[in-house]
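These are my notebook entries on a structure that is new to me. I set down what I looked up, one topic at a time.

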Amino acid sequence: MPHKIRKLDVHLVSTPITGGFADATRKVESVGYVVVRVTTDSGLEGIGITYHEVGGEATCALINRNMAPKLIGRDPLQTEAIWQEFFHYLRGVGRKGLMYCALSAVDIALWDLKGKITGLPLYKLLGGNRTKVPVYSSGGWTSYSDEELVEEMKGMVARGFKTIKFKVGYEGGRNPRRDVQRVRKVREAVGPDINLLVDANNCFDAATAVQLANNIREYDIMLFEEPVFADDIPGLARFKRGTDIPLATGEHEYTKFGVRDLLINDAADIVQVDGARIGGYTEMLKCAAMTEAWNVKFAPHAMENIHLHLAAAIPNALFLERLLMFEDITAKVFKDAPVPVDGYMEVPDLPGLGLELDMDFIREHDETSPLSH
Ligand SMILES: [Mg+2]
């Protein structure tokens, strides 16, 4: 007998970000998760997640009002068929953005269910055999003083991370000389054996970004992320030609078509798409295969607990990103979520994603409970 989806529950929890974090292009005021629970007629529950700084309420409404009715009674193993149906159902109102955050959360929940139905951790279902995955620590806002930046980076190293990321684009990208000074201070503080990643969060034009990359090259930078606006694919390609620091981008791409455009335009060395935005596990697997064919690296953006099984199974996966600003809410939303030890996360040897929600916390803080089914 096939399993049937009996109900969907959608929750929204968020947390204000205090301290005035800002990168080169935006201030972060709050972060939140939209949590989807898909329950089958036999009582199995799959969990899926997407996240937001703004717009979580709209994502919840879309899932509740438009997607849930189409899922009730369906076989949750039909991940590909369901994805294709929603792609065509939603394509007229958005092929990037919130539509795909909603689809991602639903798709991830179906994949979690697939693991629970088969009794297999997802990395095993995907054919992987890695049991731990390297993770880097990510923070280092441009709004920090030089001292705050250096302290945070040293703290990451003290926690065992071998790879750390911080922001460039000081004063909105208008002061790249200060970026050079800050990169030098971080390198001097952490020593030569730590991998340094820098992230400009879309702030530069290509010429300025190339100039900055060449000016920080002597500090041994492992990758330079989002040097120009994410949609400036010609600018990304120009950056890549102008420096030998590897170019990382992709957190703002949606679907396989976004990844295709990066690849055919030679606009990335490391593709950083995000399964909680791009369309879930179904779409991540296709994107990963494309990067493998182009012989570039795959390094999912954020959401390390969701991406852990993918990174354990995808051959060209480099590492995962653990954002400091998500650590607090992640620890509250999940019970005993894996945490990095010495820069690695162990893959849970439990069915599906191997994650358990803390429903006491979620129910108590659910911002959209009147909308839930
Ligand atoms: Mg980034």
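Entry 1, the metal site. I began with the magnesium ion, which in this predicted model is coordinated by Asp199 (OD), Glu225 (OE) and Glu251 (OE), at 2.0 to 2.2 Å. I then looked up the spacing of these donor residues in sequence and noted D-x25-E-x25-E. Asp199 belongs to strand E6 (residues 195-199) and Glu225 to strand E7 (residues 221-225), so I recorded a pair 26 residues apart that links distant parts of the chain. I also checked the exposure of this pair, and both Asp199 and Glu225 are buried.

I noted a space of about 530 Å³ for the largest pocket. Its lining has 27 residues, and the closest to the pocket centre are Arg26, Tyr51, Glu53, His252 and Arg277. I sorted the lining by class and found 10 nonpolar, seven polar and 10 charged residues. Strand E3, helix H3 (98-118), strand E5 (163-167) and strand E11 (320-323) each supply at least two residues of this lining.

I returned to E3 (residues 45-52), which is mostly covered, with seven of its eight residues buried. Strand E2 (residues 30-40) pairs with E3 in the antiparallel sense, over eight bridges. As one bridge I noted Val38, whose partner in E3 is Gly46. The two strands form a hairpin with four residues between them, and Gly43 in the turn has a positive phi of about 90°.

I listed Glu171, which has a positive phi of about 55° although it is not a glycine. Glu171 is found in helix H6 (residues 170-173) and is partly exposed, at a relative accessible area of 43%. Asn295 is also not a glycine, and I noted a positive phi of about 55° for it. I located Asn295 in the loop between helix H12 (280-293) and strand E10 (297-298).

Methods:
Residues numbered from 1 in each chain as written. Predicted model: local features only at pLDDT ≥ 70, side-chain atom pairs only at ≥ 80, totals over all residues. Heavy atoms only, no water. Donors = N, O, S within 2.8 Å, 3.2 Å for Na, K, Ca; no water. Buried < 20%, exposed > 50% of the residue type's maximum accessible area, 1.4 Å probe, protein only. Pairing = 2+ DSSP bridges. 1 Å grid on protein atoms, 1.4 Å probe; cavity = no way out; pocket = protein on both sides within 12 Å on 5 of 7 lines; lining within 4 Å. Points joined across faces, edges and corners; volume = space filled by probe spheres on them. Nonpolar A, V, L, I, M, F, W, Y, C, P; charged D, E, K, R; others polar.
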